[in-house]
Amino acid sequence: MALGAVSFALPGMRRKVKMQIDRLTKNPSKAPTRALVAILKDMGSDIKFKRRRFIACLPEIKRRRLWPHFGYDTLTKMAGCVADFSADTVRRVISMEKKIHPFLGIRRLFEQTNIGWSKFELAARVIDKETASELHKLLKNNTSYSAINTYVKDIEREREEVQKAKEAAAAAKESENAH
């Protein structure tokens, strides 16, 4: 069984390969060493993808309160055991998802693609109706973290300047009314 056999197998072959994997992983002590090593390598290469898929499911797991169905007391315990996520990571993902939830395109990218959640966390800091389309383009094109960070900082800087200008105008108007 070659590394990555599951992803390159034909649909009819996937069932056969899956059955072999299930048989070998249910009783690994009796599995041939070569087959077990190949399966473990395949699983290892898939871990990052599976963690990203799991993290995209966290908000839905929370909404449906599914962790007791798997025998866990809390969502953070489930995330820690299943995917080795800290309580802080779970909190940040849930918070980020609440911010991007109204923006369907970005939410779908988060749920259905293999883009890291930290890029979405950056986008969530400045997302609104005006910036949503540009952020969607950046995320869809899988732009680097640093480029998204630069874009977000520019937006934050612009908003800060606008806020200062409003405060200065309000202060000037107040002082003008006082005289």
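How accessible is K77, in terms of its relative accessible area? In this predicted model, K77 is partly exposed, with a relative accessible area of 46%; buried denotes under 20% relative accessible area, exposed over 50%, and partly exposed the range in between (1.4 Å probe, protein chains only). Residues are numbered from 1 along each chain as its sequence is written, and side-chain values use heavy atoms, with hydrogens and water left out. Because the model is predicted, local features need pLDDT of at least 70 and side-chain atom pairs count only at pLDDT 80 or more, whereas totals for chains, interfaces and linings use all residues.

The structure contains 12 salt bridges, a salt bridge being a side-chain nitrogen of Lys or Arg within 4 Å of a carboxyl oxygen of Asp or Glu. K77 pairs in this way with D73, their closest N and O atoms lying 3.4 Å apart. D73 is exposed, at a relative accessible area of 60%.

A salt bridge also joins E111 to R107, with an N to O distance of 3.9 Å. Both residues belong to helix α6 (residues 104–112) and are 4 residues apart, about one turn of the helix; helices are DSSP runs (H or I, at least four residues) numbered from the N terminus. R107 is buried, at 16% relative accessibility, while E111 is partly exposed, at 31%.

Between R125 and E156, the N to O distance is 2.9 Å in a further salt bridge. This pair links distant parts of the chain, with R125 in helix α7 (residues 117–126) and E156 in helix α9 (residues 145–178), 31 residues apart. R125 is partly exposed at 40%, and E156 is partly exposed at 30%.

Conventions
Helices (H or I, at least four residues) and strands (E, at least two) are DSSP runs, numbered from the N terminus.
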